[in-house]
Amino acid sequence: MLGLDFDLLAGRLREQTAGLAANIDGLDPETRVPTCPKWQVRDLVVHVGAAHRWAAEIIRTDCRVPLPDPSEANPGPPGNWPEWLRIGATLLIDAVRTVGPQAKVWIVATEGPAIFWLRRLLNDTTVHHADSALTAGVEYKLDPGHAADVITEGLQLISYPGAEKLKPEVADLHGTGQTLLWQPEEPGLDGWRITRTPDGVRWEASSEAADVTVSGPVRDLMLMFTGRLPVDGVTGDRALLNHWVTHTAF
């Protein structure tokens, strides 16, 4: 897991952004992104670069800033996109460093530490780095601990009180005790055991048996969890899993 270490998160954000930037460099801006069917390469670039700048402004101004309309973002000519992406990551890192990682800022539904945004945008960028690799047809590698943190943070967001206000589909994940287990193959990594309760999603680090289990390398689990790969390695109630995937796609 990545935790909330500023230097580690900042370094990983630079790394993931640079990887994405390298993958899109030279691609036709109108190339479709297969893992985000409604997007072209330009949409992928604008989403990531604008999100970094948006979070940086929230941190700098200590107030809620409306999410920008992607169509209004201007990343410049395609040849400048890799640098535009890298600058956005630097702006976010610098904003967190300036106010202090533990400074209280708006974090979607309440107040929390500024470093929340560094982790949130790192994991978002990590998934979109995968999108860029799959679009460019190049290899995508990811440290197992980093892949695990993407899943952990995703579950933290889904199970957060009031999550359905931000993602209405989450309301349909309430249940009567149905359980799902995402089980990595790597030694030393716990699984994520999810329980659908009447009050919402609950989860724990556990490998206890569940109604449906998805097993595989943690990098692949992360890509399946975020809807970037078809879900494979399944045992148990496939309909329960399909319902979960449908209502949690990023």
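Helices (H or I, at least four residues) and strands (E, at least two) are DSSP runs, numbered from the N terminus. Axes are lines fitted to C-alpha atoms, for helices over the stretch in contact, and angles run from 0 to 180 degrees between N-to-C directions. This is a predicted model, in which local features need pLDDT of at least 70, side-chain atom pairs count only at pLDDT 80 or more, and totals for chains, interfaces and linings use all residues. Residues are numbered from 1 along each chain as its sequence is written, and side-chain values use heavy atoms, with hydrogens and water left out.

**Stop one: a helix pair**

Select residues 115-136, helix α4, and residues 144-158, helix α5. The two pack at an angle of about 115°, and their axes are 10 Å apart. Now show side chains: in α4, the residues meeting α5 include F116, R119 and L122, while H146, D149 and V150 are among their counterparts in α5. Contact here means heavy atoms within 4.5 Å. By class, this contact has five nonpolar, five polar and four charged residues. Ala, Val, Leu, Ile, Met, Phe, Trp, Tyr, Cys and Pro count as nonpolar, Asp, Glu, Lys and Arg as charged, and the others, Gly among them, as polar.

**Stop two: the sheet**

Next, display the five strands of an open, mixed sheet, in the order β5-β4-β3-β6-β7. Two strands pair if DSSP finds at least two bridges between them. Select β5 (200-205) and β7 (234-236) at the edges: each has a single partner strand, so one side of each lacks a neighbour in the sheet. On average, neighbouring strands are turned by 15° against each other, direction ignored.

Zoom in on T197 to find it opposite G200 in β5.

**Stop three: helices on the sheet**

Select helix α7 (residues 218-225), which packs on the sheet and touches β3 (178-184), β4 and β6 (212-216). Then pick helix α8 (residues 238-248), which touches β3, β4, β5, β6 and β7.

**Last stop: β6**

Is β6 buried or exposed? Four of its five residues are buried (under 20% relative accessible area, with a 1.4 Å probe and protein chains only), so β6 is largely enclosed by the rest of the structure. β6 pairs with β3 in the parallel sense over five bridges, and P184 stands opposite G216 in β6. Three bridges join β6 to β7, and these two run antiparallel; look for V214 opposite V234 in β7.

Key: Buried < 20%, exposed > 50% of the residue type's maximum accessible area, 1.4 Å probe, protein only.
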